[in-house]
Amino acid sequence: RRMLECLHGQGHMYATDVDPIESEKTRKRLAELGFGEDILTIRRMNFSEIDKVADEKFDFVLADLGVSSMQIDNPERGFTFKQRLRELDEEELVGLLVENSDEPYAQCIASEIMRTFARGETIDTTRQLYDAIARALSFLPKSEQKDMVKKSCQRCFQALRIDVNSEFEVLYAFLEKLPTVLKPGGRVAILTFHS
């Protein structure tokens, strides 16, 4: 909304989002504030396809990386990790956790997940994954466990989400296309909370 206000009715803004629910909510909210299709176009697509957003080049590009907490909080709309966990062996899972989230206890967590599967148990819910991580970190002093389990859970969910959504590949595709879609002197800002 603030960026649209800065246009003072001149120019045009394009926005992309793969989430149909949030795209429509945003379109409706901004239209009610007076920002209609004459100044704003919302496309349901991944930002890695920036070269297909418009026929013209951009003065400014803003990319907000990651996923909305609304998708994670709602299990009907969130990412799915249960199948991906079953596809990986222990070494691959360790690599995924280290590469995608710098998880310091990656080996312990991956080993516990594999032990869980070896016992014939499943990890189909976020709670089951949380419990596996808690078991993996049970060696930590009791006073540190709750906080460390919470942080490791956040990192593990990030790592799995990045993998499931191919977020690095999407980012690389976006970065490669930037020079071709910017006007001379154009600017780019990238917002991320990743480490």
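Tutor: Let's start with confidence, then take the helix contacts and finish with a ring pair.

Student: What is the mean pLDDT of the chain, and which helices have the lowest and the highest values?

Tutor: Keep in mind that this is a predicted model. Among the elements, helix H3 (residues 69-73) has the lowest mean, 51, while helix H6 (residues 106-118) has the highest, 98.

Student: Let's look at H6, then. How do I describe the way H6 packs on H7, and at what angle do their axes cross?

Tutor: For two packed helices, you give the angle between the axes and the distance between them. The axes of H6 and H7 (residues 126-136) come within 8 Å and cross at roughly 120 degrees. Angles of 65 to 115 degrees would count as roughly perpendicular, so H6 is oblique to H7. The crossing is right-handed.

Student: Which residues of H6 and H7 meet there?

Tutor: From H6 you have Cys108, Ile109, Glu112, Ile113 and Thr116, and they meet Leu129, Ala132, Ile133, Arg135 and Ala136 of H7. Sorted by class, that contact has seven nonpolar residues, one polar and two charged.

Student: And H5 against H6: what are the angle and the distance?

Tutor: Their axes cross at roughly 140 degrees and come within 9 Å. H5 and H6 are therefore oblique to each other, and this crossing is right-handed. On the H5 side, the contact is made by Glu90, Leu93, Val94, Leu97 and Val98; their partners in H6 include Ile109 and Ile113. The residues of this contact divide into nine nonpolar, two polar and one charged.

Student: H5 packs on H8 too. At what angle?

Tutor: About 95 degrees, with the axes 8 Å apart. That makes H5 roughly perpendicular to H8. H5 contributes Leu96, Leu97, Asn100 and Ser101, and among the H8 residues are Arg155, Cys156 and Asp163. By class, you get six nonpolar, three polar and two charged residues.

Student: Now the rings. How many aromatic pairs are there?

Tutor: A ring pair is described by the distance of the centres and the angle of the planes. The structure holds four such pairs. One of them, Tyr105 with Phe139, is edge-to-face, with 5.9 Å between centres and 70 degrees between planes.

Student: Why does that pair tie together separate parts of the chain?

Tutor: Tyr105 lies in the loop between H5 and H6, and Phe139 in the loop between H7 and H8, so the pair links parts 34 residues apart in sequence.

How values were computed
Residues numbered from 1 in each chain as written. Predicted model: local features only at pLDDT ≥ 70, side-chain atom pairs only at ≥ 80, totals over all residues. Heavy atoms only, no water. pLDDT = per-residue confidence, 0-100. Helix = DSSP H or I, 4+ residues; strand = E, 2+ residues; numbered from the N terminus. Axes fitted to C-alpha atoms, helices over the stretch in contact; angles between N-to-C directions. Parallel < 35°, antiparallel > 145°, perpendicular 65-115°, else oblique. Left-handed = near helix turned anticlockwise from the far one by under 90°. Contact = heavy atoms within 4.5 Å. Nonpolar A, V, L, I, M, F, W, Y, C, P; charged D, E, K, R; others polar. Phe/Tyr/Trp six-rings, centres within 6.5 Å; stacked < 30°, edge-to-face > 60°.
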